[in-house]
Amino acid sequence: MHRVASAGNTSNSTRPRKEKRLTYVLNDADDTKHCGGINCLAILNSATPNGCDNLFTGSRDGTLKRWALSDNDATCSATFESHVDWVNDAVLAGNNLVSCSSDTTLKIWNPLSDGVCSRTLRQHSDYVTCLAAAEKNSNIVASGGLGAEVFIWDIDAALQPLAKTVDPKEEELPNGNLGLPLSSLRGMNTGNNMSFHNNQSRGYSPIVAKGHKESVYALAMNDSGTLLVSGGTEKVIRVWDPRTGSKNLKLRGHADNIRALLLDSTGRFCLSGSSDSMIRLWDLGQQRCVHSYAVHTDSVWALASNSTFTHVYSGGRDLSLYLTDLSTRESLLLYTKEHPILQMALQDDSIWVATTDSSVHRLPAEGCNPQKVFERGGSFLAGNLSFTRARASLEGSAPVPVYKEPSFTIPGIPGIVQYEILNNRRHVLTKDTSGSVKLWEITRGVVIEDYGKVSFDEKKEELFEMVSIPAWFAMDTRLGSLSIHMDTPQCFSAEMYAVDLNIAGAPEDLKINLAQETLRGLLVHWAAKRRQRSGSQASSNGNVASSNDVTRNLPHSKIEMDDGAENNTFVVLPSFEFATDSPPSIVTEGSHGGPWRKKITDLDGTEDEKDLPWWCMDCVLNGRLPPRENTKCSFHLQACEGSSVQILTQGKLSAPRILRINKVINYVIEKMVLDKPLDGGSSDGASGLGSSTGQSQLSTLGDVSLRPGMKPWQKMKPSIEILCNNQVLSPEMSLATVRTYIWKKPEDLVLNYRLVPK
């Protein structure tokens with residue numbers, strides 16, 4: 001999970017505050033498909049006879065999608081993007097769609113909107129794993145998670161506007177984040193200090209069902225919302241009154257974690273699926289288990305029943321989907337594939353199946369009359385002991401599935417499962433679940449080479465470059481795509497010469513900060529819209545390109561804004577221009593509303609320091625970079641043993657890490673050609689050495705440039721070469737590269753020079 005950094009140090013501690021992190025997620029060119037496993041499904045039936053039903057899918061890629069369904073087609077009509085980690089469950093509650101995530105939040109959406117979040121609810125202390133809704137009492141939703149917490153929410157109350165006791169800008173943050181600090185929304189069992197009461201009055205707090213001691217993985221509620229059941233790693237089923245949060249009873253019988261629960265419409269019967277591979281039917285009135293079904297050979301993760309609660313569809317870790325008659329115990333294997341089943345949803349006579357794959361499958365189910373499926377034959381009697389099915393499978397008597405292939409599939413995109421950051425720190429080699437290997441340029445967010453299904457390790461070796469650039473970002477593929485994390489000040493440690501980025505017309509010695517230009521590319525739309533909002537008034541905080549921008553004299557591509565405002569362009573280097581047809585998404589943390597996620601093209605310019613890290617804004621708007629660690633490299637320059645060439649140097653030299661060896665060659669030649677050493681370095685990039693500190697320093701831009709009238713280094717005579725550890729160095733190598741791959745010692749670098757042998 002993306003654990004974004006704390007918004008600040010709110011205690012009296014003198015510990016330095018950790019600045020907020022900025023993450024950007026690179027999206028695939030086809031943004032209408034999921035790239036992670038599908039954790040949840042929800043069906044919204046059409047309100048009109050001729051209308052189409054909608055299927056909602058929640059994925060491990062952090063998004064939900066709405067699919068308009070027809071007989072043999074499904075069209076992605078909206079993407080719901082705001083969660084910053086896996087979407088674990090989603091339910092329809094009246095006119096609202098409610099989702100929960102490993103980012104510890106619940107989010108409320110208008111299911112028929114274009115994907116705008118209505119409200120974010122923060123109460124859980126850990127991943128939120130499951131939800132349950134009351135079909136007839138449509139405003140009641142329960143949530144459970146790994147923090148041993150169960151909350152019952154009144155959605156209508158949670159959607160009420162907040163009391164405007166603070167600046168309205170702080171009240172609602174991007175993507176509907178609730179404008180309250182996390183400490184403001186603690187449960188009823190939280191300490192009742194004064195600050196808690198003051199904050200709580202500004203927002204809604206749910207009912208707490210207190211009693212779990214360990215993680216909660218499953219919830220179910222009856223139609224009227226008068227009964228709630230929960231289960232998890234404690235191996236027991238707890239029964240609650242959701243109206244008060246009081247505990248009614250506890251049911252024991254499973255030998256392992258409880259992973260799935262179902263209640264019939266009245267709340268009389270409960271079905272449970274467990275990691276012990278068993279399905280159990282409970283009579284809550286009698287407070288006992290009345291039937292056990294040994295159908296699966298591994299954990300049961302998903303249950304779905306027909307409307308009359310006479311048959312159950314079950315799936316799980318054994319990759320199989322079964323249909324079981326609850327009264328006769330007759331079972332039938334409907335389908336088996338290569339991915340574990342995570343959730344199912346019935347739609348008329350079909351059933352949608354979600355797995356750890358990014359695709360969703362539809363199968364015939366005869367939901368209105370499941371008994372018709374048994375007429376095909378091939379059924380078996382589900383025993384009441386888990387080893388009966390396992391033994392049958394081992395003996396080769398495993399049943400043959402009724403359906404070989406699904407009747408329809410909504411395809412997904414293979415998720416990235418392996419990556420390697422190349423030494424240039426701009427390219428990343430990836431491998432996805434299909435085995436395809438691709439090369440990404442992360443400063444533009446695009447695939448620059450698709451190698452197909454080749455050896456990842458061999459391709460990695462083939463692309464190896466002997467170059468050393470500081471690590472300026474971290475990365476993970478938890479969402480099935482590349483997530484690049486930037487932290488200040490470390491992210492500003494990497495620089496490159498503009499000519500190496502193929503920037504036409506750039507001075508030879510101009511250095512480009514990779515993080516700074518990447519931030520410009522990411523926030524180009526935000527900055528342009530911010531300028532439009534502020535009008536033509538130029539201020540130190542509103543100028544997009546200030547006088548100290550290193551890129552002010554470079555050729556830039558221009559991104560035009562389409563709303564006709566004046567001064568509606570914002571410049572960005574071509575090597576850092578992100579595509580607008582599949583733009584990356586920003587993930588960061590607001591000062592009040594917690595983490596949020598938005599596509600860079602959806603930023604509207606209203607986001608400020610309460611939403612975005614201040615250091616990002618300062619970098620983009622003012623061109624200011626934070627103080628960084630020493631970017632210099634110290635080295636000694638000595639003549640090779642036995643060489644007749646001798647020059648006068650003033651002790652240890654110092655130069656930027658990206659300084660090329662050809663500049664050192666220039667320096668030696670100039671020392672040889674001139675009658676006397678240069679008197680000192682100048683601030684405008686002239687060559688020279690300064691001895692005031694006992695350490696000579698090559699200047700920061702040109703580092704060593706020839707005096708007027710002197711020829712370029714390639715044409716100078718006599719010819720000089722530089723060695724390190726008796727190895728002749730390429731003039732294009734940087735000092736950092738030499739130190740990393742040739743010198744390989746912690747001591748100061750030692751370079752030797754000599755005339756090129758004839």
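Buried means under 20% relative accessible area, exposed over 50% and partly exposed in between, for a 1.4 Å probe and protein chains only. This is a predicted model, in which local features need pLDDT of at least 70 and side-chain atom pairs count only at pLDDT 80 or more, while totals for chains, interfaces and linings use all residues. Residues are numbered from 1 along each chain as its sequence is written, and side-chain values use heavy atoms, with hydrogens and water left out.

**Exercise 1. Describe the salt bridge between Lys663 and Glu508.**

Step 1. The side chains meet at 4.0 Å, N to O.

Step 2. Lys663 lies in helix H10 (residues 661-673), and Glu508 in the loop between strand E39 (495-497) and strand E40 (511-513), so parts 155 residues apart in sequence are tied together.

Step 3. Lys663 is buried at 6% relative accessibility, whereas Glu508, at 46%, is partly exposed.

**Exercise 2. Give the strand order of the open sheet of 4 strands and identify its edges.**

Step 1. Two strands pair if DSSP finds at least two bridges between them. The order is E28-E29-E30-E32, and the pairing is antiparallel.

Step 2. Strand E28 (341-347) and strand E32 (408-410) are at the edges; each has a single partner strand, so one side of each lacks a neighbour in the sheet.

Step 3. Strand E30 (residues 360-364) pairs with E32 over 3 bridges. His361 has Thr409 in E32 as its bridge partner.

**Exercise 3. Describe the hairpin of E18 and E19.**

Step 1. Strand E18 (residues 236-241) and strand E19 (residues 246-252) are antiparallel and share 6 bridges. Val236 stands opposite Arg252 in E19.

Step 2. There are 4 residues between the strands, and Gly245 has a positive phi near 80 degrees.

**Exercise 4. State how many residues the largest nonpolar core has and which elements supply it.**

Step 1. A nonpolar core is a set of buried Ala, Val, Leu, Ile, Met, Phe, Trp, Tyr and Cys residues joined through side-chain atoms within 4.5 Å.

Step 2. The largest one has 46 residues, and those with the most contacts inside it are Tyr24, Ile442, Ile484, Met486, Leu519 and Trp526.

Step 3. At least two residues each come from strand E1 (22-25), strand E38 (483-486), helix H7 (514-522), helix H8 (524-534) and helix H9 (614-622). H9 gives the largest share, 6 residues.

Step 4. Apart from this core lies another, of 30 residues, including Tyr497, Val668, Ile722 and Val738.

**Exercise 5. Classify the aromatic pair of Tyr322 and Phe380 and locate both rings.**

Step 1. Rings of Phe, Tyr and Trp (its six-membered ring) pair if their centres lie within 6.5 Å; planes under 30 degrees apart count as stacked, over 60 as edge-to-face and the rest as tilted. The structure holds 10 aromatic pairs.

Step 2. The centres of Tyr322 and Phe380 are 6.0 Å apart with 85 degrees between the planes, and the pair is edge-to-face.

Step 3. Tyr322 is in strand E26 (residues 320-325) and Phe380 in strand E31 (residues 380-381), so the pair ties together parts 58 residues apart in sequence. Tyr322 and Phe380 are buried.
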